[in-house]
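Here is a short report on a structure with two protein chains. How are its parts arranged, and where do they touch?

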2 protein chains.
Amino acid sequence: MLNFEFWSPTSFVFGKDTERETGKYVKRFNGSKVLIHFGGGSVVRSGLLDRVKESLAAEGVAYVELGGVKPNPRSGLVYEGIELCRRENVDFVLAVGGGSAIDSAKAIAMGVKYDGDFWDFYAQTADPENTLPVATVLTIPAAGSEGSESSVITQEDGMLKRGRSHQSLRPVFSIMNPELTYTLPPFQTACGCADMMAHIFERYLTNTPDVEFTDRLCESVLQTLIRDVPIVMADPEHYGARANIMWAGTIAHNNACGVGREQDWASHDIEHELSALYDVAHGAGLATVFPAFMKYTLKQDIMRYAQLAVRVWNCEMDYTNPEKTAREGIAKLEQFWSSIGLPTSFQELGAKEEDIPQMAAKVGLKDGNKLGSFQPLDTQDIENVYKLCIK
Amino acid sequence: MLNFEFWSPTSFVFGKDTERETGKYVKRFNGSKVLIHFGGGSVVRSGLLDRVKESLAAEGVAYVELGGVKPNPRSGLVYEGIELCRRENVDFVLAVGGGSAIDSAKAIAMGVKYDGDFWDFYAQTADPENTLPVATVLTIPAAGSEGSESSVITQEDGMLKRGRSHQSLRPVFSIMNPELTYTLPPFQTACGCADMMAHIFERYLTNTPDVEFTDRLCESVLQTLIRDVPIVMADPEHYGARANIMWAGTIAHNNACGVGREQDWASHDIEHELSALYDVAHGAGLATVFPAFMKYTLKQDIMRYAQLAVRVWNCEMDYTNPEKTAREGIAKLEQFWSSIGLPTSFQELGAKEEDIPQMAAKVGLKDGNKLGSFQPLDTQDIENVYKLCIK
């Protein structure tokens, strides 16, 4: 196990009707003027936005609103949000929605008090020094941004999709009511599942020895999703399953499962080029990329893949041929993702073979750098992974 | 799953040599004059105390010292610590040691700015309002106090052992170097293991439905300890196993595994009377009480006990007789604890049958109140659990 520092200071306020406590928590964290940042019409239509606003008003907290966040959130709206916050003296950013609204809110929160272009943070040329507090009312379990220090934004000029991590991006509180996820379209529930499982795989696929405990924690997240996602596909208002999925998604990415080990994250970067080019859902892209990445890196650690197959997918260990067991686990993953309606190939995703060189180049490896740590990939390797997505 | 709020703001600074960063972290959390609180000679002899003091001095942080904390920490030293902090204008309490030093430090931190008797907090007749920041340099993985909001103190007048939980008791940081645990005597390592496993059992034994995910997290802690504690018994300087044990102990009790479910905690109260009366190690008392408690409450939820037996102890499920499987799991627990040198009976612990009525009465149930939530116990039930400890 490697040395680490783990700091997850977010207050998670979890359960039925908790959105009605939003105002109370904003006050606890000294917010006096809030930007409510959200996406499309669903939070309006469902009445959630009204309940949040009532809760703020009841505590005497002022607010302004900025909707319109799209999946794969764009820089344009971030610039708009920063200007609005400056004009209105906003001191607290509240995202109401899923990972896109939260990531956009984090970008705004970093940018308000920064003199330069907020994109500097995503280009890794500047460090945030004075980030406004961010909080969330979560409606989609997927990105884990409600508990993480990460944010991913797409720069519209060139459709560059880039992530930034910083301790100041941990939300001060996150309101998590599983009932708010009842109305998610099945495809969105499935994409969220792929995203959460991918957050685990990025951590699970490591060369760091002696990580027994975090391995087990990772497996717990996967086992829970494999059990509970099909339940909500059949019964969208199953509170218990929705609740388990929602909390598992947070733990999958607040890094409790990932401390003390090298993490990979190549597949996320490989996927980002897919969603940037085709504007497909991040989870759908991950469901396409990850099985290919696993097949490509199988021989890096067959026994680790076999462990995953046996413990998580209940495969029987073939002691004479562990590779067979390892491959069975990957096949089960593909079957599972297909069974909940996710694409696992370029054809199903709507991606094109001829775009592969362009996407691989856009990952942007330079000067002999490689991607990821489990089996570091060069540009040719990345092309090979994309090619394995073609069935 | 029940509604919950989860807030674990402690910075966990984990790994080799991290005690040398103590001063840096004290400064980050604005400590200017520190009480270093510790137990016996081992932290002195090992040189740990000197390294911590050097680290404070290097950052220009002043300190005073108070050693002498005993297992089952006593109120007398707490009063002394409170007086010392007041006299010396201490604004930060740093525990160097295990759960006893940390719990004593928490009691002092609550008491310094409180006008009344600090015992009021443990008698639940007052709430802490102005607690000094507490931090830890952990040397014994066991109590989980380095990440928890709990503290347990024994009032010397009457040997009453009582706990207090409060959000302000979460340490601001905890330094966790697994190497510091190499020199623990085997019995102390074993007692720590029992304590950590007990923290999981108190959460695992619940009637709350739909807790699949936290069940899995709980099982991960148990599986890790069952694998890694025997490793360090044979090879005390196995860094990887020591590291897994240490981090598992924190996660076992910072409540990440326990959110959203009723927890029991009857066994801890039943044990407290044992360690108060005989001054035995808390972990040894738990190893004696828990199997008895499990046998006594088996029929409350046979399938939950069977799940534990199958998933954690690798018992084969007897589908025609689940109770047999459930009992097998409890037997495996007793065998495991015996195998690492723990007592699992009154005889081995040195407790006496004739003291049972006195101990059961001292748990202090009044007015028809019952203890715990899984299968609430009255005073007669508590006597029956003690009796099951006699073999």
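Predicted model: local features only at pLDDT ≥ 70, side-chain atom pairs only at ≥ 80, totals over all residues.

Residues are numbered from 1 along each chain as its sequence is written, and chains are lettered from A and ligands numbered from 1 in the order in which they are written.

Two residues are in contact if their C-beta atoms, placed from the backbone, lie within 7 Å. Chain B puts 34 residues into the contact, and chain A puts in 34 residues. On the side of chain B that touches chain A, β1 (4-14), α8 (212-234) and α9 (239-253) of chain B each supply at least two residues. β1(B) gives the most to that side, with 10 residues. Helices (H or I, at least four residues) and strands (E, at least two) are DSSP runs, numbered from the N terminus. That side of chain B holds 16 nonpolar, 11 polar and seven charged residues. Here Ala, Val, Leu, Ile, Met, Phe, Trp, Tyr, Cys and Pro count as nonpolar, Asp, Glu, Lys and Arg as charged, and the others, Gly among them, as polar.

Which strands stand at the edges of the open sheet? The sheet has 12 strands with mixed pairing, in the order β3(A)-β2(A)-β4(A)-β5(A)-β8(A)-β1(A)-β1(B)-β8(B)-β5(B)-β4(B)-β2(B)-β3(B). Its edge strands are β3 (62-66) of chain A and β3 (62-66) of chain B, each of which pairs on one side only. Neighbouring strands are turned by 25 degrees against each other on average, direction ignored. Helix α5 (residues 99-111) of chain B packs on the sheet. This helix touches β2 (33-38), β4 (92-97) and β5 (134-138) of chain B, and its direction makes about 165 degrees with that of β4(B).

Three strand pairs are listed here. Two strands pair if DSSP finds at least two bridges between them.

| Strand pair | Sense | Bridges | A facing pair |
|---|---|---|---|
| β1(A) and β1(B) | antiparallel | seven | A:Phe14 and B:Phe4 |
| β4(A) and β5(A) | parallel | five | A:Ala95 and A:Thr136 |
| β6(B) and β7(B) | antiparallel | six | B:Thr154 and B:Lys161 |

The hairpin of β6(B) and β7(B) has four residues between the strands. There, B:Gly158 takes a positive phi near 100 degrees.

**Domains of chain A**

Chain A is assigned domain 1 (11-180) and domain 2 (184-388). Such bounds come from an automatic or database domain assignment. The domain centres, taken over C-alpha atoms, are separated by 27 Å. Their contact takes 19 residues from domain 1 and 26 residues from domain 2. On the domain 1 side, β1 and β7 (160-165) of chain A are the elements that give two or more residues. That side divides into 11 nonpolar, five polar and three charged residues.

**Two helix pairs**

In chain A, the axes of helix α7 (residues 186-204) and helix α8 (residues 212-234) come within 10 Å and cross at roughly 170 degrees. That makes α7(A) roughly antiparallel to α8(A). Angles under 35 degrees count as roughly parallel, over 145 as roughly antiparallel, 65 to 115 as roughly perpendicular and the rest as oblique. The contact residues include A:Cys193 and A:Met197 of α7(A), and A:Leu222 and A:Leu225 of α8(A). This contact has 13 nonpolar, one polar and two charged residues.

In chain B, the axes of α11 (residues 282-297) and α13 (residues 322-339) come within 10 Å and cross at roughly 170 degrees. α11(B) and α13(B) are therefore roughly antiparallel to each other. Axes are lines fitted to C-alpha atoms, for helices over the stretch in contact, and angles run from 0 to 180 degrees between N-to-C directions. From α11(B) come B:Ala287, B:Pro291, B:Met294 and B:Lys295; from α13(B) come B:Ile330, B:Leu333, B:Glu334 and B:Trp337. Six of these contact residues are nonpolar, none polar and two charged.
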